[in-house]
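Trainee: I have a new model on screen. Please show me how to read its features.

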Amino acid sequence: MPRISLALCLPLVACNDSSGNGTETDPGTTAGSVSNSDPTGLTPTTAGPTTADTPTTSASTLGTDTATGETATDPTAATDPTAATDSTDGTVSDTAATQGTMGTDTGDGVLDINPKDITLEIIDGVIVTQAYTATYNGVDVTQNVGWSYNKPEIGEIQLNAEFMPTGNFGGTGQLKATYQAAEAETNVSVKIIKKIDPGGVEPGWGNPVGPDPSMTIVYPYNETVFPLKVAAPVVQWNNVQNGDQYKLHISEQFYDYTIYFSTNTPARHLIDATEWIAISESGQGAQSDPISFTLQRKSGGNLYEAVTQTWRMAQARLPGRVYYWELPGNCGGNANGRVLSIKPSEAQANEFFQPGGCWGCHTVSRDGRTVAAVRDNGSPFPTFTIDVSADPAVYGNIQPNPGLGGTFSAFNHDGTKLLQSNNNGGDANTSVLRILDAMNGAILNPNVLQPGCGEPAWSPDGTKIAATCGYNAGGWTFDQNMADLVIADVNPDGLTISNQKTIVPKGVDVGRPAYPNFSPGNEWLVFGRPTSGSRSTGNGKLYLVGVEGNDLVTLDKASSDNKSFNPTFAPLRAGGYFWVVFMSRRDYGNTLVGANRQQLWITAINDPPNAGGDPSNPPFYVRGQEDCALSENAYFAPDPCIEEPNKPCESGIDCCSGHCIQMGELKVCGEKGACSEAGNACESDADCCDPGTPCIDGYCQQVFPQ
């Protein structure tokens, strides 16, 4: 790339057999690569003598790609958005003479860095560099200090004290100089400005004649919150003409992207995957740095004003995958029910196991290594487990057994026990929850609560269970219109319960509570309230309630369609949010219109939930599902952890040891040091190296204010 150097200048149904993986190819126009590959992160760069202090690396959120360091360690180091200039030739901005710099007076002298708090603009790939100087008591010591920059994905400080951006990501990092016992720091920011115009459309782009008379964006929704590394969205809009021309503009504090193109109806545009990653990684936080999205249209010689939305990007990835039950009968195959998995970052469904015949009613262990399910070839449905840590997956410790069966189940905290409903289709009012030994299928407690209970959940710490109880008729549990949401404490023996209580009664509200699921920190439950038993065929809203029955609230923004069901928390909160996957029969833009076909969607839930208000946000569609199929009973779980040391990882949840350690240019699975780095396992706040990353959900995480 050209380079310029500047010195300082300023539910279950009858089913049969089927096979095949679920895949998706998104329609729409693109410009550039559509690869989902992630840029390779590097370690913090250093330059200077070996007497320099070890460079400080930025704290990352749990599940965040710490090799790409999405967020600043110190929130006070954020750069004023006005610091970036609005030129078109690649510039350097010098904001305030002393803003964001620190000189340590050791008693012998003060170290100072110049220039201070600059923003470099990288326009259409032209790399602009910046030379730095360091003085000690006014004497130039530039060539004798140790230099480091804590955001290597943004840029590096070279041996000649020149800062060079990578040109890949924008953002703010801290440049540090060390000389003898003195230190100094200043902010260095990079803004990426990029314009793509493969058809040469821009020259004819003049002044708009007025508001667009008809165009409406139907996906994504305004104010949607996305996590890092989720597959790029397909923007979809209606009420336009074939051949209309468009200017799509996405901007945030440190990334500005524009593309011109033309497309026909139905109008869609898949945002380039590489650009989406760069936009995501350049953000500074969902609330502090919202993404402005605008789409402007030229039709019939008339240029109209842009239609705008605001999106938000949480600065943490969403680890793990969603296991869901799919009914692919509308896809040209049989009506076989099968369990698939999908990573929200990959837009590719995976048929990871084929036991033969119809199977479902699945759950996944907390470590993501074992799936439990039942097959539709007996009454009750035979239970079995699958070891998904093996590649390919194989049967686990429990193989299909006609004498051991039921419907829905839930693992305890360590995956050694399974809480299962023994409903066989004719006895909902007498069905019970029992505890099985997940190692051999032995029944350890034949009746945990009382008759007439089902749809169990077990808290991540193993101390509580929840279920729906009070079915008053025979048949399937999921066809029962009467049930209360109950919760109970698990006694120290791990087999019996105490303190059972109803926290959400059926009451007089429409529908009944169904399919409760615990938050990763054990403090909340999400559940649905369907109007057709617990099936997804009627109406339905999503709800959140505290485990003591407190703060019950409807998740209206997430389930605004009134066709939403079966919510399940992601295994960890990330970027200041809980994340919940659920099914919805809503339209998906202009791709699924009036299909009334349930699909997987994900919503961000504010952490902590705003008291008395709706803490949910508009959801996003999980790309990669077969949109001709029905998606049911989603369960979010981590990927099986990596057992071998020294294998590449992104954060502690990836490793069975709970620790992902920086080794040279890579992060690899290892063991805990003197303290737990950001993103690694912990038992208390005292375990975490950085006071700004307390122990949350068992991992040291950065806290993001709402």
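**Cores, helix and pocket**

Mentor: Start with the largest nonpolar core. It has 97 residues, of which Leu111, Trp147, Trp237 and Trp579 touch the most other members. A nonpolar core is a set of buried Ala, Val, Leu, Ile, Met, Phe, Trp, Tyr and Cys residues joined through side-chain atoms within 4.5 Å. Buried means under 20% relative accessible area (1.4 Å probe, protein chains only). Strand β45 (residues 577-584) gives this core its largest share, seven residues. A second, separate core has 17 residues, including Phe352 and Tyr635.

Mentor: Two cautions. This is a predicted model: local features need pLDDT of at least 70, side-chain atom pairs count only at pLDDT 80 or more, and totals for chains, interfaces and linings use all residues. Residues are numbered from 1 along each chain as its sequence is written, and side-chain values use heavy atoms, leaving out hydrogens and water.

Trainee: How many residues of helix α1 are buried?

Mentor: Helices are DSSP runs (H or I, at least four residues), and strands are too (E, at least two), numbered from the N terminus. In α1 (residues 273-281), eight of nine residues are buried. Trp276 and Ile279 are among them.

Trainee: Which classes of residue line the largest pocket?

Mentor: The lining has 21 nonpolar, 10 polar and seven charged residues. Here Ala, Val, Leu, Ile, Met, Phe, Trp, Tyr, Cys and Pro count as nonpolar, Asp, Glu, Lys and Arg as charged, and the others, Gly among them, as polar. Strand β48 gives the largest share of the lining, three residues.

Conventions: Buried < 20%, exposed > 50% of the residue type's maximum accessible area, 1.4 Å probe, protein only.
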